[in-house]
Structure formats: C-alpha cells, structure tokens
Amino acid sequence: MLAVETNNLTKMFHKLKAVDELNLEIKEAEIYSLLGPNGAGKTTSVRMLTGLLRPTMGGARVLGLDISENLQEIRSRVGHLTETPALYERLTVRQNLDFFAKLYKVPETEIKPRIEEIVDLFELPEKLDDPAGTLSKGMKQKVAIARAMFHKPELIFLDEPTASLSPESAKVVREQIIKLAKKEKRTFFICTHNLFEAERLSSRVGIINHGRLVAQGSPAELREMRKDETITIFRFSTWESNTKEFFDDMKIEIVEQNQDKKYVSTIIKDIEKQTPNIINSLAKSNFQLVEVKHEFPTLERIYLELVEMEGVPREENNMEEI
Amino acid sequence: MDWGRLKALMGKDLREMFKSKYILSAVIGMPIVFAVLIPLSSLYPLVAIDPSEFEGGDEFPAYFTDLFAEVIPNWDAAGAQGQILIIMAYLLYIMVLLIPIILPAVTASETIIGEKERKTMEALLASPLSETELVTGKILSSFIPSVAGTAFAALIYGIITNIMIYPFTNSILFLDPLSLVFLFVIAPLLSILSVELMILISTRVTSVRDAYQLGSLVVLPLMMLIIGIVVSYFFISTIALIGAVAILLTLCVIFFKIATNVFDRERAIVKLV
C-alpha cells in the first residue's frame with residue numbers, strides 16, 4: 001500500500017494555482033522530501049493531504065484513505081509539524097505534549113512514559129516543566145517535532161523540520177527520522193528547501209515550483225538524469241601550451257582552464273565511453289596526466305537549474321495566515 | 001462527540017486563560033467593579049442618610065409596592081429608606097447580569113482568535129478534533145469563566161447588599177424565584193449566546209483587538225434582550241418570562257448550529273484577500 005498517492009491534486013486560491021496537478025506516490029517507510037522555494041506550493045500540498053484545505057481538483061489517498069471521505073481517521077493516524085512550532089507558550093512543555101496526547105487518544109497510562117521517552121530522544125528532559133514560551137526557537141521546534149511524533153503516527157508530515165535548529169540539534173532530528181523510518185517503518189513527508197538535508201535524509205525527492213512537480217526521483221536518479229552535465233577535470237603535472245587545441249580537436253567543450261593549477265574542466269558527452277578514449281589520446285600525445293575527476297551534478301545544482309528554468313517563484317502573497 | 005478530547009481542549013484553554021494576567025484581571029476585576037464598587041458607591045450613601053430625611057415624601061406607585069410586597073417578606077416594615085434601597089439593589093442586580101454577556105467577549109476572543117493570532121490554530125485543526133468538538137470545547141471553555149465570574153459576582157453582590165439592607169428588611173434579598181432564575185438560567189444562556197456570537201465574529205476577524213471591537217457590538221443587543229426579559233416579567237407575567245427563556249434557549253441552539261456550520265477548517269487556515 002502506498003502511504004501517499006495523489007492524482008492531479010490541484011488547489012486554487014482565486015486565480016492563483018498554488019498546486020497544479022500534483023501526482024505523487026510515496027511508499028510506506030519512505031522518507032520523501034518535497035523541495036521547492038518559498039511559495040512553490042509545498043505547504044499547500046501538505047495542508048490538502050492533512051485535510052486542512054480542500055483540493056479544487058483532483059484527489060489523494062493518505063494511508064489508503066480518501067482525503068475527501070476519511071479526514072478524521074487520516075488526522076488521527078498522521079503527525080503534522082506545521083510551518084511554525086505552534087506551541088502554547090503559557091503552558092509547560094509537558095502540558096503541551098499531554099494536551100496533544102489526549103487529542104490523539106494516547107492511553108492515559110502511556111502518556112507519562114511516552115513523554116519521558118520522547119524528550120530523551122530529542123534531548124529535552126531538563127526543559128520539560130518550563131513554559132514553552134521561555135524556550136529558544138530551536139528548542140520550540142524540537143518540542144513541536146516531538147509533539148508531531150508523540151502518538152506514533154504511521155505517516156509524519158514535517159514542514160521545514162530543521163529550519164531553526166542548530167547543526168547539532170538538526171543532526172539529532174535527522175538521526176531520529178532515519179531511525180524511525182528504518183526501525184519502525186514510519187513514512188516521512190518532508191517539505192524543505194534545505195538541499196543538504198534532503199540529500200542526506202531522503203530516499204526520493206520531488207522538486208516543486210509554481211505548484212508543479214518539475215522533477216522527482218532519488219538524489220542519485222536526479223543526478224543520473226543530468227549526467228550529461230557532469231564536469232570532468234583533467235589535471236596535469238606540467239602545463240602544455242597546446243592543451244586547448246587538443247580538446248578542441250577532440251570536439252570537447254572546455255568549461256574552464258587554469259594554467260597555474262594545471263587543469264582543464266570539460267563537459268563530455270557519454271562520459272563512460274569517452275573518458276577512456278580521451279585518457280589514451282592524452283597519453284599518446286605525451287600529456288602528463290596526473291588526475292581525472294568527474295564532478296557529478298549536485299542536487300543543489302539540479303534544483304537551482306530547475307527552479308531558475310521555471311522562473312522566480314511567486315510568493316503566496318495573496319494568502320494571509322490567520 | 002468525543003468527551004475525552006473535549007475535556008482535554010477545555011482543560012488546556014482554562015489553564016492557558018488562568019495563566020494570562022489580562023484574562024484573570026477581567027474575570028476577577030469585572031465582578032469586583034459590578035459587585036463591590038457599584039453597590040458600595042450607589043447604596044452606601046443612601047444607607048448613611050438619616051431615616052428621617054425619607055419621611056413625608058411621595059408614596060411609591062401601587063404597582064411597585066404590590067410587586068415588591070410579593071417578593072420581599074417585610075416590604076411594608078422596611079420603611080421608605082429601606083424600600084428605596086431594595087428597589088436600587090434590584091436595579092443594580094441587573095448590572096451583575098451583564099457580566100455573562102461582557103466576559104465572553106474577553107474569554108472567547110482569547111480562546112479562538114488568540115489561537116489564530118499565536119499561530120497555534122493550525123496544529124489544533126490538524127488534530128483529529130471534529131468541528132463540533134472544537135466549537136463545543138471553545139464555547140464551554142469561554143462559558144465556564146464567564147459563569148463562574150457571574151456566580152462569584154452575584155454572591156459578593158448578595159452579601160454586600162444584604163449586609164447594608166438587612167437592618168431595614170430583616171429578610172435576605174435575592175433568594176426570590178426571579179433572582180434565582182436570572183442567575184441560574186438566564187445568565188448561563190446569555191453567556192452561551194454571547195460566546196456563540198463571538199465565535200461567529202472570530203471566523204471573520206484576524207486579531208484579538210478586532211474581536212473586542214466587534215464584540216462590543218454583540219453586547220448591545222444582548223443587553224436589550226436582558227431588559228426585554230426583565231420587562232416581560234415585571235409588566236406581563238411569569239409565563240412571558242418562561243417564553244423569553246424558551247426564546248433564549250432556541251437562539252442558543254440556532255447559533256450553535258450556525259457556529260458549527262460556519263466554522264470551517266479551510267477558512268480558519270487561509271483568509272483570501
């Protein structure tokens with residue numbers, strides 16, 4: 001069974017298409033990241049999947065349940081970290097967790113041990129009886145993540161989970177996400193514009209811009225799709241004056257050449273076949289080659305190219321959070 | 001309706017409210033003003049006047065004397081000064097009954113629009129709470145402090161006025177059926193109605209300040225309703241009072257239905273400009 005399946009999911013706010021025919025298939029126990037700039041439609045997509053917004057067109061199934069019919073059951077089986085930590089600041093961390101535990105019908109006898117367990121996971125125990133309003137931004141975010149996972153949901157939507165966390169805290173959160181996905185088979189749907197995080201965490205990523213899914217796959221698959229843009233660097237022990245002519249004769253595009261550092265960066269079509277030929281030719285022509293290195297397109301490069309190709313995203317400035 | 005969720009929501013709201021100095025000062029301060037300061041400043045000067053000053057004046061209209069003679073056991077023996085004090089005490093008691101109308105403007109704004117303003121609403125709406133549970137929970141958590149404040153005010157008001165007036169009447173005021181119906185039936189119903197109207201307002205506004213401003217408009221028709229109920233009893237009959245209560249009850253049910261229908265998750269999350 002798929003954890004999330006959308007079918008041309010579309011949301012319009014007046015004339016603005018915030019999400020445009022989104023088609024996703026997310027498997028159980030998968031960590032899926034939806035990448036996109038601000039206003040791309042990530043939060044709106046999650047809000048539709050959690051029943052906070054009604055789709056204008058299309059539909060979706062979450063945990064096998066239709067979002068137009070089984071919203072209450074979906075809400076009770078998923079966890080949702082919203083864009084803001086959304087903690088009750090006058091209440092203590094314990095009271096915040098206890099309140100949501102009761103909303104999600106966690107049995108009374110399990111609440112206390114679960115609070116202790118989850119605050120240990122997220123390194124929060126000393127803050128348990130402090131009012132949430134006195135916590136740092138990062139601590140609030142950790143409490144909010146703990147709250148989203150408290151009732152052990154099968155599917156967890158995390159909207160920018162590590163946005164305000166310190167590198168150490170972000171590492172703790174990432175480790176917990178990976179552990180929960182692997183050991184407890186929980187599915188994670190992460191909205192982020194943190195490419196580093198998406199690449200390290202996710203089995204697959206989707207790139208969304210202007211509400212449209214512009215690319216999808218594992219980070220490796222996305223790189224494979226763009227393998228023609230791999231840069232190959234040839235470094236020499238001595239610089240020969242005819243280096244440029246050599247590559248021009250072989251009809252290889254030079255991206256950069258650096259005489260002082262003695263290297264040439266190139267873009268080679270069909271690198272698997274071509275690279276050995278070029279190395280042989282260089283050796284025959286007495287070039288003193290010391291290193292050949294492929295720089296595969298990073299997720300960041302792919303993302304930026306896709307987003308730039310689509311144009312600057314519009315902010316969702318005709319929507320007002322209330 | 002899941003009572004566990006409802007109880008959790010009410011518990012959370014009440015805990016939050018009582019940690020807010022602003023709400024606490026309204027819930028405690030308003031009864032003090034209406035139940036302590038107003039009777040002391042209005043009735044005490046009359047109590048302090050020499051009884052001889054009241055002698056030889058005009059008689060009250062027979063309608064008043066008959067009405068109060070029915071409610072107050074020692075009406076005739078209270079004398080002119082005592083009778084004026086009794087009438088004043090009953091008129092000021094109506095002000096105590098404004099508390100269940102005014103307090104919800106504060107408590108409901110805090111529990112509903114406060115959630116939006118502090119951006120906690122989305123997490124709440126993403127939970128399995130149904131619309132009916134959410135609206136009912138919010139009504140009850142706004143209603144409880146209002147009714148508690150009113151009961152507290154009525155108790156204090158009753159003690160203070162009886163201490164001042166007992167020497168004239170030798171009987172305890174406000175234990176008559178009308179006063180008790182007002183306190184235990186009409187005040188809670190008005191409070192519910194006021195909260196429901198505030199919930200309707202909350203679907204249209206985005207800040208607590210806006211809610212207060214619109215909330216003050218809600219208070220006015222409800223005050224007219226109180227006056228109407230008093231008049232219906234005094235000038236028409238007990239049956240008219242029962243009819244007025246029935247109308248109030250019907251309005252509460254109608255506005256509950258409207259509030260649960262109007263309260264929409266999508267509208268609560270996104271406001272289209």
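This is a predicted model: local features need pLDDT of at least 70, side-chain atom pairs count only at pLDDT 80 or more; totals for chains, interfaces and linings use all residues.

How many salt bridges does the rule find across the interface of chain A and chain B? I got two. For polar contacts between chain A and chain B, my count came to eight residue pairs, both residues of a pair being at pLDDT 80 or more.

Next I asked which elements of chain A supply the side that touches chain B. Strand E1 (2–13), helix H2 (71–77), helix H3 (93–103) and strand E16 (319–321) of chain A each give at least two residues. H3(A) has the largest share of that side, with five residues.

Then the whole contact. I noted 32 residues from chain A and 38 residues from chain B. The area buried between the two chains is about 3,600 Å², and carbon and sulfur atoms give 58% of that.

I picked out the one where the side chains of A:Lys140 and A:Glu89 meet, at 3.0 Å from N to O. Why write this one down? A:Lys140 sits in helix H5 (residues 137–149) of chain A and A:Glu89 in the loop between strand E7 (78–81) and H3 of chain A, so the pair ties together parts that are 51 residues apart in sequence.

Domains next. Chain A is divided into domain 1 (2–224 + 303–310) and domain 2 (227–296). I looked up the spacing too: the C-alpha centres of the two domains of chain A lie 45 Å apart.

Last stop, the sheet. In what order do the four strands of this open sheet in chain A come? I read E13-E14-E12-E15, with antiparallel pairing. Strand E13 (253–258) and strand E15 (289–295) of chain A are the edges, each pairing on one side only. Neighbouring strands are turned by 20° against each other on average, direction ignored.

Five bridges join E13(A) to strand E14 (residues 263–267) of chain A, and the two run antiparallel. I also looked up the bridge partner of A:Glu256 in E14(A), and that is A:Ser265.

One helix to finish: helix H10 (residues 271–284) of chain A lies across strand E12 (231–236) and E15 of chain A. H10(A) runs at about 165° to E15(A).

Note on methods
Residues are numbered from 1 along each chain as its sequence is written. Chains are lettered from A and ligands numbered from 1 in the order in which they are written. Side-chain values use heavy atoms; hydrogens and water are left out. Two strands pair if DSSP finds at least two bridges between them. Axes are lines fitted to C-alpha atoms, for helices over the stretch in contact, and angles run from 0 to 180 degrees between N-to-C directions. Contact means heavy atoms within 4.5 Å. Domain bounds come from an automatic or database domain assignment. Buried area is the accessible area (1.4 Å probe) that two parts lose on being put together, summed over both. A salt bridge is a side-chain nitrogen of Lys or Arg within 4 Å of a carboxyl oxygen of Asp or Glu. A polar contact is a pair of N or O atoms within 3.5 Å; within protein, one must be able to donate a hydrogen and the other to accept it, and residues adjacent in sequence count only if both atoms are side-chain atoms.
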